[in-house]
Amino acid sequence: MPLSSTADLVRRAMGRGHAAAAFNVITLEHAEAIVDAAERIAVPAILQISENAVRYRGGRVLPIARAAAEVARAAAVDVSLHLDHVRDEDLLRQAADAGVSSVMYDAAGLPYAANVEATRRAADWAHERGLWIEAELGRIGGKDGEAPLDAHAPGARTDPDQAAAYVAATRVDALAVAVGSSHAMTTRTATLDHVLIAKLRDAVGVPLVLHGSSGVSDEELVRATAGGIVKINIGTALNVAFTSAVRAHLAGDGAVTDPRAYLSLGRAAMADTVTHFLRLLASPGD
């Protein structure tokens, strides 16, 4: 079936009081696992490819994006393709050719005024090409080996008044907010600021996005969805499942040489993890 648009999947989730789940794709096995899980329970999913994943692919976005797009097109359920955490202007401009319907432009590391200026340019460019654009305000932390930010560190939380002004100035379609999660967490111990989520929901007229959700417990994710988070990004949890399955197989069979023997197990483990999150976020609190 045709690729779905991220905007549509987010809109549908928002209308139902759910959250749209977006999963990071690094290898073809990631894309296959995500789509397998989505088909298993008939719940839509977003495949997202980050700038880091593109860098791993030698800086070439088209091979992995087109492979992921073909997996999505073959799905019996709605799947969209998203380009995530883009900082490189050249990569941003490859988005339309890569088959994505949405992009997250990440200028959060810049001073506020520079962030606004850069993001507004990116949003104008994206909208001219029919792309849905997400941005980030505040510092979520944990990206590129960075340590998680202390809860009271400057910029570690998104200010609601500033967020409202930022969205108005940049005209972005969604906003990733810093509310207590962190990228690359392998334990689910992050505590979200639910009071802040509610304030941001009331202040900002676009869907709110939670990054670093692998480090957040099921209970916290359900509460965040009820409180106003509409798109939830998950990456590290898939990698933990994949690597654990591969490691266990290699430890038990020192003679194996065919990568299919363990990659298939890693793919299946990721599919089980994706299934869990899709069920959780498509029916929060049920």
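The entries below cover a strand, a helix, the nonpolar cores and some salt bridges.

**Ground rules.** I am working with a predicted model, where local features need pLDDT of at least 70 and side-chain atom pairs count only at pLDDT 80 or more, while totals for chains, interfaces and linings use all residues. I number residues from 1 along each chain as its sequence is written, and my side-chain values use heavy atoms, with hydrogens and water left out.

**Strand β6.** I took helices (H or I, at least four residues) and strands (E, at least two) as DSSP runs, numbered from the N terminus. In β6, residues 174-177, I found A174 and A176 pointing one way and L175 and V177 the other. All four are buried, meaning under 20% relative accessible area; exposed is over 50% and partly exposed lies in between, with a 1.4 Å probe and protein chains only.

I then checked its partners, counting two strands as paired if DSSP finds at least two bridges between them. Strand β5 (residues 132-137) runs parallel to β6, joined by 4 bridges, and E134 sits opposite A174. Strand β7 (residues 208-210) is also parallel to β6, over 2 bridges, with V209 opposite A176.

**Helix α9.** I asked how much of α9 (residues 218-227) is buried. The count is 7 of the 10 residues, so the helix is largely enclosed by the rest of the structure. Those buried residues, among them L221 and V222, pack against α8, β7, β8 and α11. Just after α9, I noted that G228 has a positive phi of about 135°.

**Cores.** A nonpolar core here is a set of buried Ala, Val, Leu, Ile, Met, Phe, Trp, Tyr and Cys residues joined through side-chain atoms within 4.5 Å. The largest has 83 residues, and F23, L47, I49, L83, L175 and L278 touch the most other members. Helix α11 gives the most to this core, with 8 residues. A second, separate core of 12 residues includes A174 and V230.

I looked up F23 too, taking contact as heavy atoms within 4.5 Å. Beyond its neighbours within four places in sequence, F23 contacts residues including I34, L47, F277 and L278.

**Salt bridges.** I searched for a side-chain nitrogen of Lys or Arg within 4 Å of a carboxyl oxygen of Asp or Glu, and the whole structure gave 15 salt bridges. E70 and R73 are bridged at 2.8 Å; both lie in helix α4, 3 residues apart, about one turn. R201 and D202 meet at 3.1 Å, with R201 partly exposed at 37% and D202 exposed at 60%.
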